[in-house]
Structures are given as structure tokens and as C-alpha cells.
Amino acid sequence: MLPLYDVLVLGLGATGSQALYQLAKAGQHVLGVDRFAPPHTYGSSHGQSRIIRQAYYESPVYVPLVQEAYRLWHEQERLSSRELFVQTGGLMLGAAESALVKGSRLSAETHGLAYEYLDAHTLRTRFPVFHPTPDTVGVFETAAGVLFPEACIETALQLAQAHGAVCRLGETVTALAPQKDHVEVQTLAGTYTARQVIVSAGAWLGQLVPELALPLTVERQVVFWFDHGGGQLQGLQPDHFPIYIWETEDTMFYGFPDLGNGLKVAFHHYGQPADPDHLNRQVTGQEVAAIETVIRKHFGIDPIFREASVCMYTNTPDMDFILDYHPHHGNVIIASPCSGHGFKFASAIGKILTDMVLGRPTGFDLTPFRIDRFNTAL
Ligand SMILES: Cc1cc2nc3c(=O)[nH]c(=O)nc-3n(C[C@H](O)[C@H](O)[C@H](O)COP(=O)(O)OP(=O)(O)OC[C@H]3O[C@@H](n4cnc5c(N)ncnc54)[C@H](O)[C@@H]3O)c2cc1C
């Protein structure tokens, strides 16, 4: 007889590690399986830093979710005595009518979040490294900051294991066979059975539920680190330099203060479609030059290239997440919180997935994340 787990979590990255922890904490007999050994650099959750912010330009619907996520990240910091988050404040920059600025204000107003609305002159005075054009405005929120993704994943897996979760790392799942009251999970090493399965496989999600023909596209993304070559420049550290997202007429890019490894900067989207099994990890001189041009134009910094890393976004057509039961199998739950903005929510999503497994109300509006919003033949 195969051991019967309550839940098998397929993929232990940002989402799966959190689900594993919350399920184990809730007393579930859980097995986590990953093809690599998270935290690793092959998926969507590496690169030293992730932005967390509340004045959410994408939609006010995400604000309660991120507030719960903050609470749970702080709880995990306390439980592990590890630094997972640093508060830097956050600046959303663009024209007053840009989607970024308008959307951030809408979320802040809708949820009564504290924020400042700064004109270009004030921006230049308060953040001299930023060089905004005269029509640029900024939405500044003090609550925003940086999560350390590798530490977050490592901590969640440790907490999960301390609560009795079992992990099988370096083991690739090849197929799921849902039955009436359990699911058989085939890996390259054998078969597991569990009453329920959470599929949190990131960029590989579509491959694991091919029957759903989910309209996901995997997008190659490059992040870059730079030193400042112009001699001593004050104000690049987290106490003076907030995380930022900047929408200009022709692009959107974001970045972080110097967390000890130079300034990290990247474009948001504009990447090539990618196959997660054959991702091009080579970064070209042209790619470095493109981001250097943006830095020279928008900052008082002379960028000296330090290093780059390639990562993957898994995008839905509307850029909202998928958090839903499989339409044909209630014992399979699909979780794809990406589209380039999912990391910050992982702690809250781990808890939501646990509530979904246990059939409890989640306390959140998950309608925007349903699978039936896609016009696919289900
Ligand atoms: C460059 C970049 C910058 C980003 N910046 C931000 C940001 O600032 N703020 C933010 O909130 N979000 C950001 N995101 C988005 C965020 O990082 C992702 O939404 C999140 O990490 C996705 O987590 P995941 O659990 O879905 O995927 P992953 O963390 O990639 O986990 C999926 C796991 O499934 C495993 N797996 C896959 N297939 C199998 C299989 N067949 N068998 C076993 N295991 C399998 C993989 O090995 C992997 O460990 C960024 C993403 C990228 C790429």
C-alpha cells in the first residue's frame, strides 16, 4: 500500500513552500515535491530581492491580500529570527495620468492607505538621485520595501519541516491522475497518493494540467546589477533610496536600493516568450546597453555593469493570478500567482490554499483568480 498523504504540494517555490508550511502547521500530513532544491535559480523566485507594496496600481482587489501577506511575513520573521523584509518606502513614478500613478492612487484612496503625492520638484529635492522630467509625479508609500526571496523560501520550508512536512527534492512530477477520493502523482522516481494536490509549479504549470489548455505565456526576464562609476554618491542605500517602479512614455522599469550588491534594475515585461525547459540564460551586451540607457536618462548615476540573471514570468492574459480548484477535479487546486507580481503575496496565498484544502472560507475575494474567466474549452 502506498502511504496516503492528506496533501501533496507540487512545486516548492514561493507559493508551494508557503502552502506546505501552512498545511503542516494546520496538522495536515503533507508531502512537498520539487524537481530542483528550492531556493534555486531555475524558476521565478531568485535574484535576491522582490518588491512588496500596498498602493497596488494593478487593482485595489489586491490590497487586503497584500496586507495579510505583510502580517504573515512578519510572523515568519519572528518565528525564524531571520530578516525576510526591509522597509525602504516605495515610489511609483510617471505622468499623473499614467496607469501606474492613477492605479496606485486609486488603491490607496479605496483602502485608506497613507501616501504622499509628490511633484517633480519635491521628488528631486527628496530623492536627488532620481532625475524626473517636469511632468513626472510620484506616489510615495512608506510601508513598501524589499523581501528576500531565497530566505523566504528557505524559512518556509524549514518551518514546514519543523511541523512534520516531508520534502522530496530533485524529483520531477510527470503526471497527475485524479481519482474520486485521491490523486495519484507520478514522478520520475515513483508514485505518491494524496487526498488533494496543490499544483504550484510556476512556469511549468501548464505542462502539468495540459487538459485545461490554460492561456499562460512564459516570458524571459533579465535583471541587472550595477555599481556607480562616478565616485562617491550618497543616497543609494535603503534608508535614502526607496524601491521604485517608473512608467515612462515607452517603457516600465523598476529597481531597488543598494542592498550590498549594487543597484538592481530591470524592465517590467518586454521579454521574449520562453520555454521553461530551454530558457536562454545568456545575457547579451545589447540587453545590458538597453537598461544602461534608461539608467543614464533617469538617474544621476554612471552605471558600471556588475552582473545579470535570467528569470521567468508566467503571465495570464489579464495579468491576474489563478487560484482555483481544477474545474473537473475538486481534489486538485491550481495556484499560479505570477504575471510578474506574485511573490509578495505568497505568504497569504499559502494560507488561502490551506483554507481551500480544508474547505474553509478564505476571507478574500478570489473571483478575479477563477479559471472560468478564461474563454477556454473546459
Ligand atoms: C525577474 C522577476 C522579478 C520579479 N519581481 C517581483 C517583485 O518585485 N515583487 C513580486 O511580488 N513579484 C515579483 N516577481 C514575481 C514572483 O517572483 C513570482 O510570481 C513568484 O516567484 C512565482 O512563484 P511560484 O511559486 O509560482 O513559482 P516558482 O517559485 O518558480 O516555483 C515553482 C516550483 O515548481 C517546481 N516544479 C516545476 N515543475 C515541476 C515538476 N514537474 N515536478 C516537480 N517540481 C516542479 C520548480 O522547480 C519550482 O521550484 C518577479 C518575477 C521575476 C521572474
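1. Phe127 has a relative accessibility of 7% and therefore counts as buried, a label given to residues under 20% relative accessible area, with exposed meaning over 50% and partly exposed in between (1.4 Å probe, protein chains only). Phe130 is buried too, at a relative accessible area of 3%.

2. The model is predicted: local features need pLDDT of at least 70, side-chain atom pairs count only at pLDDT 80 or more, and totals for chains, interfaces and linings use all residues. Residues are numbered from 1 along each chain as its sequence is written, and side-chain values use heavy atoms, with hydrogens and water left out.

3. The whole structure holds 28 aromatic pairs, meaning rings of Phe, Tyr and Trp (its six-membered ring) with centres within 6.5 Å; planes under 30 degrees apart are stacked, over 60 edge-to-face, and the rest tilted. Phe127 and Phe130 are an edge-to-face pair because their planes meet at 75°, with ring centres 6.0 Å apart. Both belong to one aromatic cluster, whose members also include Phe140, Trp246 and Phe299.

4. The domain assignment (automatic or from a database) gives domain 1 as 4–46 + 149–215 + 318–373 and domain 2 as 87–144 + 217–315. Their centres, taken over C-alpha atoms, are 30 Å apart. In the contact (heavy atoms within 4.5 Å), domain 1 supplies 17 residues and domain 2 supplies 14 residues.

5. About 1,200 Å² is buried between domain 1 and domain 2, and carbon and sulfur atoms give 49% of that; buried area is the accessible area (1.4 Å probe) that two parts lose on being put together, summed over both. On the domain 1 side, His46, Ala203 and Ser339 lose the most area to domain 2, together 33% of what that side buries.

6. Between domain 1 and domain 2 the count is 1 salt bridge, defined as a side-chain nitrogen of Lys or Arg within 4 Å of a carboxyl oxygen of Asp or Glu. Arg35 forms a salt bridge with Asp277, with 3.7 Å between the closest N and O atoms.
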